[in-house]
Amino acid sequence: MKKSLVTLRFALYGCKNRPFFYIIATNRYKPRNRGYLEQVGTFDPMPNTRNEKLVSLNMDRIRYWLSVGARPSRPVAILLGLAGVLPPHPRSLVIATKNRATLAASAAAQTSLTEESWKEELEGNREGNESNEDQKDE
């Protein structure tokens, strides 16, 4: 099987500590930010004020490049899988499983901390009530 010369991949732009990516169709032998055939989307991985990562995709052009044999890189394939253009990438399923486990563990820890603080508060109220009763008896 002949490998495709065109690939869909990220081109890194932005500045230090503030990445921004263009999703481009390019010759697979060209350097990352050097000359591309077409820009088909953008991706901003830094969460905004609403904790959202922004993605803009030109679906018609992405479908065109995929139809003429362009191969997406792994990060672009994961992103397109999340967008519904391609089937979900197996790596994104692994990441989702790990995230669910982390969330479940943090939720369980939060619940146990809440129960412990509630018990401590209840015991503190009992001790306070006992000392108030002792003062009344005197």
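Modeller: A salt bridge here is a side-chain nitrogen of Lys or Arg within 4 Å of a carboxyl oxygen of Asp or Glu. Please keep in mind that this is a predicted model.

Biologist: OK, how many salt bridges does the structure hold?

Modeller: The structure holds two. In one of them Glu-38 pairs with Arg-61, with the closest N and O atoms 2.9 Å apart, and this pair links distant parts of the chain, since Glu-38 sits in strand S3 and Arg-61 in helix H1, 23 residues apart.

Biologist: And is Glu-38 buried or exposed?

Modeller: Glu-38 is buried, because its relative accessible area is 18% and the cut-off for buried is under 20%. Arg-61, at 28% relative accessibility, counts as partly exposed.

Biologist: What does Arg-18 pair with?

Modeller: Arg-18 forms a salt bridge with Asp-44, where the closest N and O atoms are 2.7 Å apart. That pair also links distant parts of the chain, with Arg-18 in strand S2 and Asp-44 in strand S3, 26 residues apart. Asp-44 is buried at 12% relative accessible area, whereas Arg-18 is partly exposed at 35%.

Biologist: Switching topic, which residues touch the most other members of the largest nonpolar core?

Modeller: Leu-8, Phe-10 and Trp-65 do, in a core of 15 residues. Strands S1, S2 and S3 and helices H1 and H2 each give two or more residues to this core. Leaving aside residues up to four places away in sequence, Phe-10 touches several residues, including Phe-21, Phe-43 and Leu-79.

Biologist: Which residues lie nearest the centre of the largest pocket?

Modeller: Those are Ile-78, Leu-79, Leu-82, Ser-92 and Ile-95, among 13 lining residues, and the pocket's volume is about 300 Å³. The lining divides into eleven nonpolar residues, one polar and one charged, with helices H2 and H3 each supplying at least two residues.

Notes:
Residues numbered from 1 in each chain as written. Predicted model: local features only at pLDDT ≥ 70, side-chain atom pairs only at ≥ 80, totals over all residues. Heavy atoms only, no water. 1 Å grid on protein atoms, 1.4 Å probe; cavity = no way out; pocket = protein on both sides within 12 Å on 5 of 7 lines; lining within 4 Å. Points joined across faces, edges and corners; volume = space filled by probe spheres on them. Helix = DSSP H or I, 4+ residues; strand = E, 2+ residues; numbered from the N terminus. Nonpolar A, V, L, I, M, F, W, Y, C, P; charged D, E, K, R; others polar. Core = buried A, V, L, I, M, F, W, Y, C linked by side-chain atoms within 4.5 Å. Buried < 20%, exposed > 50% of the residue type's maximum accessible area, 1.4 Å probe, protein only. Contact = heavy atoms within 4.5 Å.
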